[in-house]
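Hello,

Here is the structure I said I would pass on. My notes follow below it.

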Amino acid sequence: MGVPKAVKCPTCKKTGDWFATAYGPFCSKRCRLLDLGKWFEEEHTISEPLRPEHFEKYEELSPDQHPDKPAQGDE
């Protein structure tokens, strides 16, 4: 397997391989819950309604493939 990719936690901005944890992309349960609270309070919103063309690039994605992780050999 390749080298883990460091990403920033969307809440606290700490850098680490958060997708390897149970809370990815967040670094902790606390950060994940803080973000969820922002969605509930409508501090985070989706800027426009989703349309069918937004999903076109995912049509060929197999059920066991994660859209944010490269397939084996694509790294």
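**Surface and overall make-up**

The protein exposes about 6600 Å², and carbon and sulfur atoms supply 55% of that area. Please keep in mind that this is a predicted model. Of its 75 residues, 11% count as buried. The protein has two strands and one helix, in the order β-β-α from the N terminus. Among contacts between residues at least 6 apart in sequence, 6% join residues at least 24 apart.

**Core and cysteines**

The largest nonpolar core has six residues: Val7, Cys9, Trp18, Phe26, Cys27 and Cys31. Cys9 is buried, with a relative accessible area of 0%. Leaving aside neighbours within four places in sequence, Cys27 is in contact with Cys9, Cys12, Lys14 and Trp18. Cys12 counts as partly exposed, at 31% relative accessibility.

How many disulfides does the count come to? It comes to zero. The cut-off for a disulfide is a pair of cysteine sulfur atoms within 2.5 Å. For Cys9, the closest cysteine sulfur is that of Cys31, at 3.8 Å, which is too far for a bond. For Cys12, the closest is that of Cys27, at 3.6 Å, and this is also too far for a bond.

**Nonpolar patch**

Leu33, Leu36, Trp39, Phe40, Ile46, Leu50, Phe55 and Tyr58 make a nonpolar surface patch of about 860 Å². One of these residues, Ile46, lies in the segment after helix H1 (29-40). Ile46 counts as exposed because its relative accessibility is 57%, and the cut-off for exposed is over 50%.

**Backbone points to check**

- Gly24 and Pro25 are joined by a cis peptide bond, with omega about 10°. Pro25 is in the loop between strand S2 (15-16) and H1.
- Lys13 is not a glycine, yet has a positive phi of about 70°. Lys13 sits in the loop between strand S1 (7-8) and S2.
- Glu42, also a residue other than glycine, has a positive phi near 65°. Glu42 is in the segment after H1 and counts as exposed, at 62% relative accessibility.

Regards

Methods:
Residues numbered from 1 in each chain as written. Predicted model: local features only at pLDDT ≥ 70, side-chain atom pairs only at ≥ 80, totals over all residues. Heavy atoms only, no water. Helix = DSSP H or I, 4+ residues; strand = E, 2+ residues; numbered from the N terminus. Buried < 20%, exposed > 50% of the residue type's maximum accessible area, 1.4 Å probe, protein only. Contact = heavy atoms within 4.5 Å. Areas by Shrake-Rupley, 256 points an atom, 1.4 Å probe, with all protein chains shown as cover. Patch = residues over 30% accessible without salt bridge, like charges linked within 9 Å, V, L, I, M, F, W, Y side chains within 5 Å. Salt bridge = Lys/Arg side-chain N within 4 Å of Asp/Glu carboxyl O. Core = buried A, V, L, I, M, F, W, Y, C linked by side-chain atoms within 4.5 Å.
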